[in-house]
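Visitor: Hi, I'd like to look through a structure with you. Can we take it in short steps?
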Amino acid sequence: MVAATLCVMFAPTAAGPGIPEIKAYLNGVDTPNMFGASTLIVKIIGSIGAVSAGLDLGKEGPLVHIGACLASLLGQGGSDNYRLKWRWLRYLQNDRDRRDLITCGASSGVCAAFRAPVGGVLFALEEVASWWRSALLWRTFFSTAIVVVVLRGFMEYCDSGKCGLFGKGGLILFDVSSVSVTYHINDLLPVALIGIIGGVLGSLYNHLLHKVLRLYSLINEKGRTAKLLLSLGVSLLTSICLYLLPFLAPCTPCDPTLDAACPTVGRSGNFKRFNCPNGYYNDLASLLHATNDDAVRNIFSTGTPTEFRAISLLIFFAIYCILGLFTFGIAVPSGLFLPIILMGSAYGRLLALMMGSHIYIDQGLYAVLGAAALMSGSMRMTVSLCVIFLELTNNLLLLPIMMFVLLIAKTVGDAFNPSIYEIILDLKGLPFLEANPEPWMRNLTVGELAAAKPSVVSLGGIEKVVRVVEVLKSTKHNGFPVVDQGVPSPIGMPTGATELHGLVLRSHLVAVLRKKWFLKERRRTEEWEVREQFMSVDLAQKGPKIQEVVLTEDEMDMYIDLHPFTNTTPYTVVETMSVAKAVVLFRQVALRHLLIVPKYQGAGISPIVGILTRQDLIAHNILGAFPHLAKKEKSESTNS
């Protein structure tokens, strides 16, 4: 209840894992309030509350978001209201450095969650960042190295038991290095089967989760009370299931040859007594009545072929699938990593148990492979997952079959639907631009795309204040083409031709209105006049909204010279360029606006055909404007 109340009342952006929003931000999408101080505080406290409540979620996704929030706040000197003004922070104010910092924060969060420094770097490279360069590689590596050093220092301090369960197991969370891996030709088919099942189940999980999230969005629209009741209802359902289901499992006699205490004494262990007599344990209770980390250790345990019954693993897999579907999407910080690892490890061990003597690899290692396959089938990651699991389990001998399983699971999953993060991005309406445009975009020009949009709103080089205010209040555009009327001919005679001078941003227009830098007559200003009134910091800072600017009637009749505030070299494309090329240019250069100019220039021809933004280049938005392309794409996919 604490976690849900904090998210609903103070920071709604803290709910969920936060990874899709980080991906969108690093792709060039503005995600308001995603990295603020309130989001960070609620994310930390809410994660503690949600995980300790026993919900079927993990702390790994929230830790990635926490790392990104810390990086963002450190880079800008704190929150907007209490910001430090250190001089060196000005080097981190530009967008590229801020993106780099958030990428480092995300990789540090993965490293802290899994204690996998190299896996954290590769996760940022494969899953989070849209643009990568060599400088960013060593920066993320340096960040994760610091995380590991700090973690190790705390573990040494907590080794005497001063910190509870923190640091148990050291830097290797799920160590399976004690068992030797010997490959046999008979294991090739079961391992491939694990990958295929992982891909099918992962895509099915994505499909069902998509349906549940759409249902939850309808419930959440009813207000805060509905969000709280939904979260509390799922928590109650989880508690009832976790307590009652172990009664379905029979008691198992303890094996006297085992070194571990049976039944388990204490908080963690593989042999929970629950409702059994002395000398017996309940294997299902050992999984359901443990922390998520301990449950993974129990299923990954090696050299224990008779520890878990098939019916218990089946019940565990089924209930975690159901609870995972209904838990993700409620108003609490939640991660997908650990629930998927638990589901995958259960079906991997179950498959190994069913095959019995026909396999030569330990059941615990089959559980590791199942977890990796299901994660790859759902999240569609390969390289980073492979390294993370090797760092988690400390068994390099698993590398060949781990790579084999991950590639099969991803290939099978891609045949059915997108990754879970892409589905969430689409549900949230975040305009994420993929690296490769759709094939049908080659058959459409940017001129045709501009013609399907409302007419472009442009401003003159010297414009009346009332016109600027009217345009800002009547539109939500963030950029406006600046067009000069009556451009002189080469011999100095005025003509009726118009010229595209450049692009002016909404924020710069509001800054000029806020400072009331107006002219009484229609004229161009000199450079020194502008430098007296404006510094680069004035235009870079976030100012008030247009509704907060108050102007008198006399001021509304004055003029503004927009030439000094216009970007005179915006990216432009000819109207005959294909949309596919425009998408590649827009994404690779990380643009916000792309101006379309006519193929032929001359008197009476407007110098600007249209302007494209990120929303205009999203595939489903284009298909909505051109239904015949959607029908053609559908028929082509059916034929193929």
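Visitor: How far apart do the end C-alpha atoms of residues 228-249 lie?
Guide: They lie 33 Å apart. The span is 77% helix and 0% strand. Helices here are DSSP runs (H or I, at least four residues), strands are DSSP runs too (E, at least two), and both are numbered from the N terminus. This is a predicted model: local features need pLDDT of at least 70, side-chain atom pairs count only at pLDDT 80 or more, and totals for chains, interfaces and linings use all residues. Residues are numbered from 1 along each chain as its sequence is written, and side-chain values use heavy atoms, with hydrogens and water left out.

Visitor: What does UniProt list for "transmembrane region"?
Guide: The unreviewed entry lists several spans, among them 228-249 and 396-413. UniProt positions are in the numbering used here, feature names are shortened, and annotations may be inferred rather than shown by experiment.

Visitor: And what is the chain like over residues 396-413?
Guide: It is 83% helix and 0% strand. The end C-alpha atoms are 26 Å apart.

Visitor: New topic. How many residues has the largest nonpolar core?
Guide: It has 104. Those with the most contacts inside it include Phe114, Phe300 and Met379. Such a core is a set of buried Ala, Val, Leu, Ile, Met, Phe, Trp, Tyr and Cys residues joined through side-chain atoms within 4.5 Å. Buried means under 20% relative accessible area, exposed over 50%, partly exposed in between (1.4 Å probe, protein chains only).

Visitor: Where does this core lie?
Guide: Domain 1 (1-160) and domain 2 (187-233 + 292-428) both give residues to the core, so it lies between them. The domain bounds come from an automatic or database domain assignment.

Visitor: Which residues does Met379 touch?
Guide: Among them are Glu127, Phe337 and Tyr421, leaving out residues up to four places away in sequence. Contact means heavy atoms within 4.5 Å.

Visitor: Is Leu74 buried or exposed?
Guide: Leu74 counts as exposed, because its relative accessibility is 62%. Leu74 lies in helix α4 (residues 60-76).

Visitor: Now the sheet. What is the strand order?
Guide: The order is β3-β5-β6, in an open sheet with mixed pairing. Two strands pair if DSSP finds at least two bridges between them.

Visitor: Which strands stand at the edges?
Guide: β3 (459-460) and β6 (498-505) do. Each has a single partner strand, so one side of each is left without a neighbour in the sheet.

Visitor: How many bridges join β5 to β6?
Guide: Seven, and the two strands run antiparallel. Asp484 stands opposite Glu499 in β6.
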